[in-house]
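Trainee: Before we turn to charges, could you show me how to read the surface of a model and then work inward from there?

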Amino acid sequence: THATLTRLHKVGTMHERKALMAELSDAFIALPGGIGTLDELCEIMCWAQLAIHAKPIGILNTEGYFDGLLSFMRHAVSEGFMRESDVSRLIIADEPGDLLTRLGI
């Protein structure tokens, strides 16, 4: 662990980790990443859809990193597999400062 850490939460599973993060968070931000990032983003979007939380969800779309995913989501809406409201709730920005401002952080 990092020497200047003020709190450390140890959990047994990824599900416990995501549940704890959701409980402690005021908002969610997906940064460019891999399959773990996609898993966390999709789960937190699903929880919003199921009204498990009503916290803002942001995507930092640095250099268009998430363009393909966002295009897929729009396609899923047009095919009837996602609701427009589930996609439009996402707060998307290219710059960290802009995203934080739009999230109200």
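Mentor: Let us begin with the term itself: accessible area comes from the Shrake-Rupley method with a 1.4 Å probe. In this model, which is predicted, the protein exposes about 7,000 Å², and carbon and sulfur atoms supply 57% of that area.

Trainee: What share of the residues counts as buried?

Mentor: A residue is called buried when its relative accessible area is under 20%. Of the 105 residues of this protein, 30% fall into that class, and the C-alpha atoms fill a box of roughly 45 × 30 × 25 Å along the principal axes.

Trainee: In what order do the elements run from the N terminus?

Mentor: The protein has five helices and three strands, and from the N terminus on they follow the order α-β-α-β-α-α-β-α.

Trainee: How many positive and negative side chains does the protein have?

Mentor: Lys and Arg count as positive, Asp and Glu as negative. Here there are 9 positive and 14 negative side chains, with the centres of the two sets 7 Å apart. On the surface, Asp67, Asp94, Glu95 and Asp98 gather in a patch of negative charge.

Trainee: Why does Asp67 count as partly exposed?

Mentor: The class partly exposed lies between the buried limit, under 20%, and the exposed limit, over 50%. Asp67, which is found in helix 3 (residues 67-78), counts as partly exposed because its relative accessibility is 43%.

How values were computed
Residues are numbered from 1 along each chain as its sequence is written. This is a predicted model: local features need pLDDT of at least 70, side-chain atom pairs count only at pLDDT 80 or more; totals for chains, interfaces and linings use all residues. Side-chain values use heavy atoms; hydrogens and water are left out. Patches are made of residues with over 30% relative accessible area and no salt bridge: like charges are joined within 9 Å, nonpolar side chains (Val, Leu, Ile, Met, Phe, Trp, Tyr) within 5 Å. A salt bridge is a side-chain nitrogen of Lys or Arg within 4 Å of a carboxyl oxygen of Asp or Glu. The place of a charge is taken as NZ of Lys, CZ of Arg, CG of Asp or CD of Glu. Helices (H or I, at least four residues) and strands (E, at least two) are DSSP runs, numbered from the N terminus. Buried means under 20% relative accessible area, exposed over 50%, partly exposed in between (1.4 Å probe, protein chains only).
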